[in-house]
Amino acid sequence: MKNIRNFCIIAHIDHGKSTLADRLLDFTGTVTAREKKEQLLDSMDLERERGITIKSHAIQMDYTHNGEQYILNLIDTPGHVDFSYEVSRSIAACEGALLIVDAAQSIQAQTISNLYLALENDLEIIPVLNKVDLPSANPEEVTDDIVDLLGCDPEEVIHASGKTGFGVDNILNAIINRIPAPKGDPDAPLQALIFDSVYNSYRGIETYFRVFNGEIKKGQEIKFVATGKNYFADEVGTLKLTQVVKKSVKTGDVGYLITGIKTAKEVKVGDTITDFANPTKEIIEGFEDVKPMVFAGIYPVDTEDYEELRSSMEKLQLNDASLVFQPESSAALGFGFRCGFLGMLHMEIIQERLEREFNMTVITTVPNVSYHAYTKKNPEELILLNNPTDLPDPSRLDRVEEPFIKASIITKSDFVGQVMSLCIEKRGQIINQTYLTTQRVELIFEMPLAEIVFDFYDRLKTVSKGYASFDYHPIGMRESKLVRVDILLNAQPVDALSALLHADNAYSIGKKIVEKLKELIPRQQFDIPIQAAIGAKIIARETTKALRKDVTAKCYGGDISRKRKLLEKQKKGKKRMRQVGNVEIPQEAFMAVLKLND
Ligand SMILES: Nc1nc2c(ncn2[C@@H]2O[C@H](COP(=O)(O)OP(=O)(O)OP(=O)(O)O)[C@@H](O)[C@H]2O)c(=O)[nH]1
């Protein structure tokens, strides 16, 4: 145990975490050249394309230092706010963390939020100034920023480059010398933390864990504390580039477990594994049931594909326990599902996976957060609203509450004014403003989560010319003045376009939505009135004018290749259209409310 080191790498997105992890694997000879692919740890296709680590994984390296053999377990952490709970559990499995800071970009919002998570778990922090090879690197200044943030000595900051491999040896030495060896009692009852799980279609769910006390043996009967279920450990082992089967995984070490579990829902990240016959008295703190934050309807473009969509979603859920869904029906779109996601990125990922892995073409409706409503008749009874159309009639409504977040934004002092006005426009309240350096400011806001869902990231990037980073965490529900704005096309309400909006903004946003829809809904053979309404009251109106006869149609007659191109284009366009009444609505129209400022 004294020669084990468990660590993770924390960084703001794109500061070079995956690249540096690869260098560590190279340097310790964990990966042979043949096995080497760019960015090894990101194994999902989608992950590699998007360049973000979505699921955390772990890998074990052997390293000899001063003649002694060490085992280094690197636990990878996802880098996006949507997955922050997974980050916190990966961190809880470690004794130390490499805090990577880009030498050109310096400290950003996630550098700080991840650092706080690491400090809460008493991790030893090794600051790494990365990308020192960049011509735009600013090593002196950024080192000062890091020293200010951590209160460490400048000499403790390791200069490195994941690209050239510079500094990797120093990092490995620091891991051994500065990060404490795991503690724990090998003879105590088993106590292990689940920090991740991965779906394997042949072997079922592979559970990744860190043993804090005792050991986990092949064949042992074990129990998952939070779910209360027991299983037999069919196989245990450690994680190199491939899995290495072992008879047992001991105190302090990190490994995988196979029990024949088939669905991801049974394995909860943050849960404690213990021995069935001789359970531990202490469960590992910090377990949370992750709750979806953003909801949207997913409907098949072709109504006949409903059953196929259901089976695809069920399969997706097998390996993504954070996806939740239940059937719903919409007057406009027919049968589909109301789905819950961890955030907007998670939603995009699910939509893409449905299309790529299951070949489904789907329409996603306006995303919304989850609200709490109370009626006058029963002011204590909570009605959970995951869909704006479920809002009780205003005459019956006592109050509505919406989720709030605490947001941390780091930006340059030049942009403070613009960032503040944006946050205030988004119903934010400033709580704190701290100058990290003379140039860099951290702003803390409390604001409604719903405002983040709607175009916040893009606007923040624009007003700060890209010099702002952002992170948030939920702080509970607060009462709010919300109204439902309905949209009518051709005098027919389209329920899938309804949105819950703050009463103060409802008129102006309603007006913008109809203007946007006018742009997005293709002209047809007749005029299409587009209206926004609150209850029976129409608050805005536009009209998509009827198409005039297309006199150019014949001009294309002769050129077959051109015609084919046109047909292809039409086919593609058709894919994401839904006929509602006699109006064709493209997918973009369902997202119009998110793009009001484009
Ligand atoms: N010049 C230079 N570029 C680097 C270095 N390390 C990483 N990069 C580049 O920076 C970009 C981001 O690197 P990644 O390793 O994917 O960053 P990451 O932090 O893992 O990103 P996420 O997984 O999205 O959190 C890539 O284009 C890398 O090629 C470095 O030391 N020097």
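**Helices, a sheet and some cysteines**

Trainee: Which residues of α3 are buried?

Mentor: This is a predicted model, where local features need pLDDT of at least 70, side-chain atom pairs count only at pLDDT 80 or more, and totals for chains, interfaces and linings use all residues. Residues are numbered from 1 along each chain as its sequence is written, and side-chain values use heavy atoms, leaving out hydrogens and water. Buried means under 20% relative accessible area, exposed over 50%, and partly exposed in between (1.4 Å probe, protein chains only). On that basis the buried residues of α3 are Tyr85, Glu86, Val87, Ser88, Arg89, Ser90, Ile91 and Ala92.

Trainee: And what covers the buried residues of α3?

Mentor: Helices (H or I, at least four residues) and strands (E, at least two) are DSSP runs, numbered from the N terminus. Helix α3 spans residues 84–92, and eight of its nine residues are buried. Counting contacts as heavy atoms within 4.5 Å, the cover includes β1, β3, α4, β7 and β8.

Trainee: How many disulfides does the rule count?

Mentor: A disulfide is a pair of cysteine sulfur atoms within 2.5 Å. Cys94 is buried at 6% relative accessibility, but its sulfur is too far for a bond because the closest cysteine sulfur, in Cys8, is 3.9 Å away. The count is zero.

Trainee: Which strands stand at the edges of the sheet?

Mentor: Strands pair if DSSP finds at least two bridges between them. The open sheet has six strands with mixed pairing, in the order β2-β3-β1-β4-β5-β6. Each edge strand has a single partner, so one side is left without a neighbour in the sheet: that's β2 and β6.

Trainee: What angle does α1 make with β1?

Mentor: Axes are lines fitted to C-alpha atoms, for helices over the stretch in contact, with angles from 0 to 180 degrees between N-to-C directions. Helix α1 (residues 17–27) packs on the sheet, touching β1, β2, β3, β4 and β5. Its angle with β1 is about 150°.

Trainee: What about α5 and β5?

Mentor: Helix α5 (residues 139–150) also packs on the sheet, where it touches β4, β5 and β6. Its direction and that of β5 make about 165°.

Trainee: Where does α12 bend?

Mentor: End to end, its 18 residues reach 25 Å, close to the 26 Å expected, which is 1.5 Å times one less than the number of residues. A bend is the angle between axes fitted to the seven residues ending at a residue and the seven starting there. For α12 that is about 30°, at Ile509.
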